[in-house]
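Please look at the sequence and the model below before reading on.

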Amino acid sequence: MERIKFLVCKVLGNMIFAYIIPVINILIVVFLNNEADKHIFTLMNGLNIFLATNACYIASISSYYKLNDKYNVIAGNIKTLGLIISVVTFAVSTYELQREQYNLPIELYYTVTIITSLFCIVLTVFAQLETSEIEKRVEQTEVEKAEKIIEQAKNKKEFEIDGENFKV
């Protein structure tokens with residue numbers, strides 16, 4: 001239970017840190033575009049920002065997977081799918097924003113933003129699990145090294161310290 005709690009805190013911390021700038025950007029867009037007829041424009045801008053952030057997040061977080069083959073395959077598939085979906089949707093939304101013609105329903109953009117955000121969360125969970133695995137391996141290696149040093153020290157009859165030999 002403690003590990004799950006730690007994992008949730010790490011994932012939320014990473015996500016908050018990664019999305020603080022886009023949220024500030026969206027708030028600025030919302031406050032600058034307070035006209036009622038610009039509502040769809042404001043929504044599209046916000047979703048566009050999130051789609052771009054999701055694409056960047058997916059691309060950057062996926063560099064974590066090195067140790068566990070199962071995570072590599074799953075994360076690789078999620079990464080590829082997430083990048084394709086978010087980049088294509090971002091490109092289409094940017095095009096529609098520039099032309100100020102909204103051919104696709106806003107619900108599609110909401111749905112894609114939520115799905116790619118979920119991909120980001122899943123990839124962050126995998127990254128945290130990978131980090132835990134690395135820490136365990138490093139810790140185990142350090143313990144094994146210490147045990148070897150202790151075992152070698154037991155068999156020694158003399159030690160050299162600052163150039164002087166001491167018998168034990």
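With a relative accessibility of 11%, Ala55 counts as buried, because the cut-off for that class is under 20%. The model is a predicted one. Ala55 belongs to helix α2. Apart from residues up to four places away in sequence, Ala55 touches Leu83, Ser86 and Val87. A further distance can be given for this part of the model: the C-alpha atoms of Ala55 and Val88 lie 9.8 Å from each other, although 33 residues separate the two along the chain.

Is Asn48 buried or exposed? Its relative accessibility is 8%, so Asn48 counts as buried. When neighbours within four places in sequence are left aside, Asn48 is in contact with Phe90, Ser93, Thr94 and Leu97.

These contacts lead to the packing of two helices. A pair of packed helices is described by the angle between their axes and by the distance between those axes. For α2 and helix α3, which spans residues 69-99, the angle is about 150° and the axes are 9 Å apart. The two helices are therefore roughly antiparallel, and their crossing is left-handed. On the α2 side the contact is made by Phe41, Met44, Asn45, Asn48, Leu51, Ala52, Ala55, Ile58 and Ala59. On the α3 side the residues are Lys79, Gly82, Leu83, Ser86, Val87, Thr89, Phe90, Ser93, Thr94, Glu96 and Leu97. Sorted by class, the contact of α2 with α3 holds 11 nonpolar, seven polar and two charged residues.

Helix α2 also packs with α1. Helix α1 covers residues 2-32 and helix α2 residues 39-61; their axes come within 10 Å and cross at roughly 155°. How do α1 and α2 run relative to each other, roughly parallel or roughly antiparallel? They are roughly antiparallel, because angles over 145 degrees are put in that class. The crossing of α1 with α2 is right-handed, whereas that of α2 with α3 is left-handed. From α1, the residues in this contact are Asn14, Met15, Ala18, Tyr19, Pro22, Val23, Asn25, Ile26, Val29 and Val30. From α2, they are Thr42, Asn45, Gly46, Ile49, Phe50, Thr53, Asn54 and Tyr57. The contact of α1 with α2 divides into 11 nonpolar and seven polar residues, with no charged ones. Asn45 is listed in this contact and also in the contact of α2 with α3.

The phi angle of Glu100 is near 55°, a positive value in a residue other than glycine. Glu100 has a relative accessible area of 53% and is therefore exposed.

The remaining values concern the whole chain. The protein chain has four helices and two strands, and along the sequence these follow the pattern α-α-α-α-β-β. Of its 168 residues, 29% count as buried; Ala55 and Asn48 both count as buried. Of the contacts between residues at least 6 apart in sequence, 77% join residues at least 24 apart. The chain exposes about 11600 Å², and carbon and sulfur atoms supply 64% of that area.

Technical notes. Residues numbered from 1 in each chain as written. Predicted model: local features only at pLDDT ≥ 70, side-chain atom pairs only at ≥ 80, totals over all residues. Heavy atoms only, no water. Axes fitted to C-alpha atoms, helices over the stretch in contact; angles between N-to-C directions. Parallel < 35°, antiparallel > 145°, perpendicular 65-115°, else oblique. Left-handed = near helix turned anticlockwise from the far one by under 90°. Contact = heavy atoms within 4.5 Å. Nonpolar A, V, L, I, M, F, W, Y, C, P; charged D, E, K, R; others polar. Buried < 20%, exposed > 50% of the residue type's maximum accessible area, 1.4 Å probe, protein only. Areas by Shrake-Rupley, 256 points an atom, 1.4 Å probe, with all protein chains shown as cover.
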